[in-house]
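Please look through the structure below before reading on.

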Amino acid sequence: MSEKPNQQNPKKGEPWKPKEKFDKKANKEKQKQEQEQGEGKQETNQPPQQQNKQPIQQQTVDQQPTQQQVPTNDKQVAQTNASKEQNKRKDFLSHLPIFEDYTSVSIKTVKQIDPLTLHHAFIELCIQYQNGQCIGSTHRCVEFLNALKQFIRDYKLSRQSNYFAMAFLDELKKIFNLMKNFRTVNEGMSTSYLFIRECLMILRDTRLDENESKVWLCNQIDQFIQSKIISASELIVKNATQLIQEGTTILVYARSYLIENFIINYFKQGKQLTIFVVDNPQFGEGSQLVNRLQQQGIPCYQILLSHVSYILSKVDKILVGASSMLCNGALVSRVGTALLACLASTHKIPFLVFCESYKFSEKSQIDSLSWNEIAQLEQGNENQQYTSLSLRYDITQSNYINMIVTEVGLIPATSVKAVIGEFKKYNYVDAIEVPRKEQ
Amino acid sequence: MNTQKAQPRLYSSKESLLALKAHLSAKNAKLPKSPTIEDYITYIKKLSNRLKQGPLDFWIPNVYRRVIQVIRLMSSEDGFVQNKDKEKNFKALGLTIQRSSSRSKTTIETGAETGSNAIQQYVILPAIDQVLEEMESHSDDINTFASTHFFTNEVLLVYEYSTTVLNFLLSAKKTRNFEIIVLESETENLGKQFATDLGKHQLNVTLTPFTNAYAIMQRVNKILLGVDAILKNGGLLMHPGTYAICVLAKQFAVPVIVLSGAHKLTPKYAFDQTTFNELVSPLKINPNSTIEQMSIGVFSYITFDYVPPEYISLYITNQGQYTPQSIYQLFSDFYNVKDEDI
């Protein structure tokens, strides 16, 4: 009988000890140790996260561990501690970005190296994005372009050269990356960014003077706003007016620039509508819309999202604005829109989306949790034993959407890809007029 | 949270039973001189009409219906009390058949040797006590089913405050590990209160506003809801917003489990959102709304949401577990058809 190598033969005189896996006490202690190691690992994971964020902000400073930067800046200490707690997201949403709260003073201290890196117009804009003064996709895009125009006018080339286009291209990239620290960049802003890049490419080939380049660029931005946002809105309103007969009851969710214009226009033509505005108290957009309509003398009813089931039987159409339309036909919009779309499809109520074409995106998403933005508009107290979660965006699937009203026409949700294909021929926007030297 | 705010329906039912007791023992109770069981029953029906707080008050008539049913059962079987356990009842049925054949004249209805007070003493008051006891212990009976429906590391969704659901979760916590998402409605702070109360017991709780319901629904495994009333067709009257949640749940194929004590069974029928509903002032629900907010045409707030039975997977009551197709059986055991017009 050969001995198995694993067997422990108790030697004479020694007490018998149980094998490892049956020793409950030792296992419990092991588990405790492993837990402590795991927590230690989590803590060490967070300083590297902080380090990853800071290189974006401080490009010329070498990467230093956060502990060394603590004594230099007290505000930064408070920030890193607070942001460590904010970065502790729950398991299933730990992939979503959380944006730290900046004040105007703290931005300047964090980005202390080069005050020219972020123009004051952008700083103001980012703060406005953050505290909710500037929300809504169209509003944000327009404000961004206005800030960009101001930046262009104030921008000076470091040396006299004709390479304005290339230098500015770098600047533009830097700005765009910095802006991503405050809030996610929405699709409209991305499209305008691509448009400006195309303009700069054209500019590079033309050899215009610096001042002339600036003037031309600002003009192009103005044209973009005019054709893609303002004229588009007029066309959309015209298209929608054909769709909606007088006297229908419509339901509107939150606040959309296009829908507001549409309603005001409709009433100016002398027609009547019954309007229900669904409010989401978290962002307060519904009440803003109601206030605005009341100022124009338009009567409307305000209702909460949870009470919508009562009036759904009385509603004829549901109108909703968009943050962007995705390639697979899904709608990215304010959180709560998908709920409304689901109810609408159950009650067989037409669900219409108003969206300009510059908000069409080449991305595809199928659910609301893989990509989103966490809204932290309320300060929770430290002692609360629950975690609060509030998202900003919602993905509505294409089968809930009946029709999209755009300036290129009334299209079904599945045609978004085709429209994007058409635009690609023209670099996402209309053909850009090549500048000529004026002499 | 005091009981009145936490369980307003249970509280009002209990209070009404105590009021009934008080009325019966009062000296100027409007009862005929030697009251029979039928007299007591009419008295109780009249009292229910008086105490009812409006056409949408179901809970006081419900509990009085139950008392009447227990009285009928107790008097017909000569003091034999109806057990909650169905199996025992079958055996007992055999016994009563034997008993009623042997005993004929000594039932209380002829009452020659017993005075009128005896009816009150031996039938009415024990009936009221039994109903009170049923209501007190309804949570314990529901909690027996606590771990049978959950698997480990499940994600549950709950909506607004419900003490029944709270007790259910606390008793399930002993054997299962799960995560809870609390949806809060926009009006009161009930959602926050519920999250705090759950968090005190070291449960993993996330609080979300109602608008995020679609986004998180894909993560949810089951939904637990408390009700205001269960109707005879299986439909439910619940906190406004529940209908939207149930519609979403059907889209995502998430089972909806309804927890309630049997005192919420209401033998009525509804068809849509407007059958049993009341538009109340926004001030009643959200006392912080300003006058400016109220004057700009805020649509009134609704009281109930009607949820059709197709959206529900299971009812767990203290009388057992039922499906929407079979819950009508509970009504015929619990109440008597003659009393449905209270």
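1. In chain B of this predicted model, strand S1 (residues 154-159) pairs with S2(B) in the parallel sense, over six bridges. Within this pairing, B:Val155 stands opposite B:Glu179 in S2(B). Between the two strands the chain passes through helix H8 (residues 163-172) of chain B, and the β-α-β crossover from S1(B) to S2(B) is right-handed.

2. S2(B) is also joined to strand S3 (residues 204-209) of chain B by six bridges, and these two run parallel. Here B:Ile180 stands opposite B:Val205 in S3(B).

3. Why is strand S2 of chain B largely enclosed by the rest of the structure? Seven of the seven residues of this strand (residues 178-184) are buried, so the rest of the structure largely encloses it. In a regular strand, side chains alternate between the two faces of the sheet. Both faces of S2(B) are covered. On one side the buried residues are B:Phe178, B:Ile180, B:Val182 and B:Glu184, and on the other B:Glu179, B:Ile181 and B:Leu183.

4. Chain B also has an open sheet of four strands, in the order S8-S5-S6-S11, with mixed pairing. Strands S8 (265-266) and S11 (305-307) of chain B stand at the edges with a single partner strand each, so one side of each has no neighbour in the sheet.

5. Strand S6 (residues 236-238) of chain B runs antiparallel to S11(B), with three bridges joining them. B:Leu237 stands opposite B:Tyr306 in S11(B). Helix H11 (residues 242-252) of chain B packs on this sheet and touches S6 and S11 of chain B. The direction of H11 makes about 30° with that of S11(B).

6. In chain A, A:Gln302 lies in strand S3 (residues 301-304). Is A:Gln302 buried or exposed? Its relative accessible area is 10%, so A:Gln302 is buried, the cut-off being under 20%. The side chain of A:Gln302 makes a polar contact of 3.0 Å with the side chain of A:Asp279.

7. Confidence in chain A should be read by region. The mean pLDDT of chain A is 76, with 69% of its residues at 70 or more. Over residues 1-8 of chain A, pLDDT stays under 50, and the model has one contact beyond four places in sequence for them. Residues 38-87 of chain A likewise stay under 50 in pLDDT, and for these the model has 53 contacts beyond four places in sequence.

Terms used: Residues are numbered from 1 along each chain as its sequence is written. Chains are lettered from A and ligands numbered from 1 in the order in which they are written. This is a predicted model: local features need pLDDT of at least 70, side-chain atom pairs count only at pLDDT 80 or more; totals for chains, interfaces and linings use all residues. Side-chain values use heavy atoms; hydrogens and water are left out. Two strands pair if DSSP finds at least two bridges between them. Contact means heavy atoms within 4.5 Å. Axes are lines fitted to C-alpha atoms, for helices over the stretch in contact, and angles run from 0 to 180 degrees between N-to-C directions. Buried means under 20% relative accessible area, exposed over 50%, partly exposed in between (1.4 Å probe, protein chains only). A polar contact is a pair of N or O atoms within 3.5 Å; within protein, one must be able to donate a hydrogen and the other to accept it, and residues adjacent in sequence count only if both atoms are side-chain atoms. pLDDT is the predictor's confidence in each residue, from 0 to 100. A crossover is right-handed if, with the strands pointing away from the viewer, the path from the first strand over the helix to the second runs clockwise.
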